[in-house]
Protein chains: 4
Amino acid sequence: MIVQFRNKLEKVQKEDIETRLIQNGWKPFYIDTEKTILITEHNFPVSQYIDSSLTERVLEMDTPYQLVNRVFRPEGTIVRVGSVEIGASSLVVIAGPCAVESESQLFRVAEIVKRAGGHMLRGGAYKPRTSPYSFQGLGEEGLKLLARAREKFDLPVVTEATSPENADTVAQYADVIQIGARNMQNFELLKKVGRLGKPVLLKRGMSATIEDLLNAAEYILSWGNFDVILCERGIRTIERLTRNTLTLPPYRY
Amino acid sequence: MIVQFRNKLEKVQKEDIETRLIQNGWKPFYIDTEKTILITEHNFPVSQYIDSSLTERVLEMDTPYQLVNRVFRPEGTIVRVGSVEIGASSLVVIAGPCAVESESQLFRVAEIVKRAGGHMLRGGAYKPRTSPYSFQGLGEEGLKLLARAREKFDLPVVTEATSPENADTVAQYADVIQIGARNMQNFELLKKVGRLGKPVLLKRGMSATIEDLLNAAEYILSWGNFDVILCERGIRTIERLTRNTLTLPPYRY
Amino acid sequence: MIVQFRNKLEKVQKEDIETRLIQNGWKPFYIDTEKTILITEHNFPVSQYIDSSLTERVLEMDTPYQLVNRVFRPEGTIVRVGSVEIGASSLVVIAGPCAVESESQLFRVAEIVKRAGGHMLRGGAYKPRTSPYSFQGLGEEGLKLLARAREKFDLPVVTEATSPENADTVAQYADVIQIGARNMQNFELLKKVGRLGKPVLLKRGMSATIEDLLNAAEYILSWGNFDVILCERGIRTIERLTRNTLTLPPYRY
Amino acid sequence: MIVQFRNKLEKVQKEDIETRLIQNGWKPFYIDTEKTILITEHNFPVSQYIDSSLTERVLEMDTPYQLVNRVFRPEGTIVRVGSVEIGASSLVVIAGPCAVESESQLFRVAEIVKRAGGHMLRGGAYKPRTSPYSFQGLGEEGLKLLARAREKFDLPVVTEATSPENADTVAQYADVIQIGARNMQNFELLKKVGRLGKPVLLKRGMSATIEDLLNAAEYILSWGNFDVILCERGIRTIERLTRNTLTLPPYRY
């Protein structure tokens, strides 16, 4: 259940409500957005604990995820990255090399992306690779190259964080932080990017159901970051003609 | 390709070989075990770069993983945790609660495990949960309870690390560090536990092939930790009668 | 719901009950075994339509399949093929070539099977092949060779029927009729072998759930043939190290 | 390998070539279309056996399927059903009830289909049902109703055949014969509809790869029927939000 307040609550107010809830066996979970949000279990009797003058909306959800449920935001979400709007009416194209390998390689690709009308540049500096002996990325050096490509070609950049440790560094350089398919349920990483205040591009895991993907997104939102872009990159199935199988969802679900 | 030396090489020796390899386009990867190991690409002409008096074995592998290939250790691996031997002739039973919730709960379960003949105790202190609103574990407090249960019931303990950050803390208390299915390809975590020098129990990911699992294990070994226990917990398939589908491999592969 | 009568009902009795059920919106389905069985929908009020002196057992099932539910036969089923008992305490081994190719090939294999302690001989005369240009089997000629191998080596034979048309021919020669994985839901074929009165070996389909398999078996039983052997040959999954993935079910379900 | 002749060969010519091929260990497979087609194995030395004046095209294929490979028909296939063209530039919509239940039901639905701009009417007379106790369709009575709906609403009809036995009856009434997902590898049925000379709508099996689907289509073509419509209805995967997962193939493969 979601209880959305009219304002940001004072620390004292929050603690007072929290104490009374816990005493009565409820599990409160606060989200510190502009207007405080309280998540609790189903059938929470709001009026017994919270003065109705304080609350703006009370929403009972029928899904394990709360904030990513369309009921919470029927109008949808637009994520703004500079002048680029993701989730608005026009399609946004993000392109770039798998890994950042060198300045010349990156600039060459970025120029092509720009000329072809691409809106954002992507490239990996920290690479999650199946084998430890494969190239693991240039690390911060790669991030710096991305930052220079952004300047030169006026393209916001998307790049991946692979651990809570490198997420801080990534956040310094990137416009959007990518979470890869293999890390979709790396919950410590999700919590971390939930606190970093940068838009997140969350890739669907190889065997994640849509419910799993939405729950992973909920992690990020539950730490106050509502700018999440879902990346449907398909799942692993028995069909091997294509590397992944795109699961085409019904129009609205 | 694996080049195993007779001894631990000196830093100078290693750097000398490394330099010459890189100059000629090879990618050396050292593993700092008792006897230095060098991993390189296929068809590396060893004799051109390394004096044969230095090497004990040179193994050409036909798999992307190297150290976990049986060719490297035809005799198999026995992981020793106190007096418990995993991988030897007798079956080892590890049991315990999903999450450590309190001292009384943990001790009650540990006593049952001990009496029933179990060899090790497991329980989660850091819990990777699908929903951010579910109980996330007691953290270090849970680890302390596990350590006390170990003393009281003489059972080594297995517990999960979910990020490079909490892996250090887990290593202080646990006898075996568990990597959960959702983190099987959390490579930064694998590298971390590769450096911690404690046995690792690595659970197979939900849609990981056996090759993926072996590559994940290779990450840990490639950082010098050879004590890896593979946990075959099944994969997600179209069959829903059981939560996971165990993939029963052929006897020897 | 299953209504089992004490005896085989007369045609008149059956029609009388049937008429009254249909008039009241029930769908009766008779099975002509030694003691007549009537299958109807849930919550059928038996006593309103059938004199209780006629019935032996009335079973309300909570599964879509009825006769293959263990509740109907808690003691399990033993299928007898000559002196071989399938489903009794000892394991039965069935072996033989993929396809019957010639007398010499079949006899050579049969001799090995016999010497190795195998209990039954299998070999395909009608082969369901992925490509139309692959060898499609010797047909009736293959069945005749199987019959001669049975004589010579005293081994009951199992062979596949691939259509209602060739099922009659197969039944003349075989001791057990095999239904292949690709035909598990070839319902016309299932109905046909349900009427032929020979034991049936039913292979699980490549993407069939256990519930699908049991429903397929129910087709055969619903035509009065209770001698069905389930063949768990695994399903197609993302794991490709083995051709199929065996789904190991919980002990009793 | 495909050898396409300039004309329809005489019986004597065909037998002559066949004999010589078999004597030399080749497996000839004739297709009796307007211009005779001969399918053989890879690397067949055509010129050693067949006078080049007889042949129009010789195509070496790198796929197990031959006639459905685009190399054989680079221009694609248009299936004509009355005035409806499937595979041409405009989209064809086929709609109707799952099963034909009664005249009034069928006519009511057909009228809606017609008014909404649908091009063809579909409805099942022989229904492959998971449970034997479910409604199995009206059989020939249903086909007659479909034929009357065709007259009344000027809509060609598509309906399913479930066995070689009912395929003859279906062919008398239907404009297009449907093969259901569960029968995609019912090879005897595929051969049968290959001989019936009516267009076939072939549904992809639940766990069929695209290669499996194409091989199933090849069965129909190999019996001289080139009017096959592929129906991509998705496969069974771990995603359960939608009943099936559509596998969206790359544009051209």
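Predicted model: local features only at pLDDT ≥ 70, side-chain atom pairs only at ≥ 80, totals over all residues.
I begin with chain A. By that assignment, chain A is divided into domain 1, covering residues 2–59, and domain 2, covering residues 79–231. The centres of domain 1 and domain 2 of chain A, taken over C-alpha atoms, are separated by 34 Å.

Next, I turn to where chain A meets chain B. On the chain B side, 26 residues are in contact with 26 residues of chain A. Which elements of chain B give two or more residues to the side that touches chain A? They are helix H5 (164–173), helix H6 (187–195) and helix H7 (210–222) of chain B. Of these, H7(B) gives the most, with five residues.

Finally, I come to chain C, and to a sheet within it. Four strands of chain C form an open sheet with antiparallel pairing, in the order S2-S3-S1-S4. Why is one side of S2 and of S4 in chain C left without a neighbour in the sheet? Strand S2 (29–31) and strand S4 (55–59) of chain C stand at the edges and have a single partner strand each, so one side of each has no neighbour there. From one strand to the next, the twist averages 20 degrees.

Within this sheet, strand S1 (residues 2–5) and strand S3 (residues 37–39) of chain C run antiparallel and are joined by three bridges. Gln4(C), for instance, has Ile37(C) as its bridge partner in S3(C).

Thank you for your attention.

Terms used:
Residues numbered from 1 in each chain as written. Chains lettered and ligands numbered in written order. Contact = placed C-beta atoms within 7 Å. Domains from an automatic or database assignment. Pairing = 2+ DSSP bridges. Axes fitted to C-alpha atoms, helices over the stretch in contact; angles between N-to-C directions.
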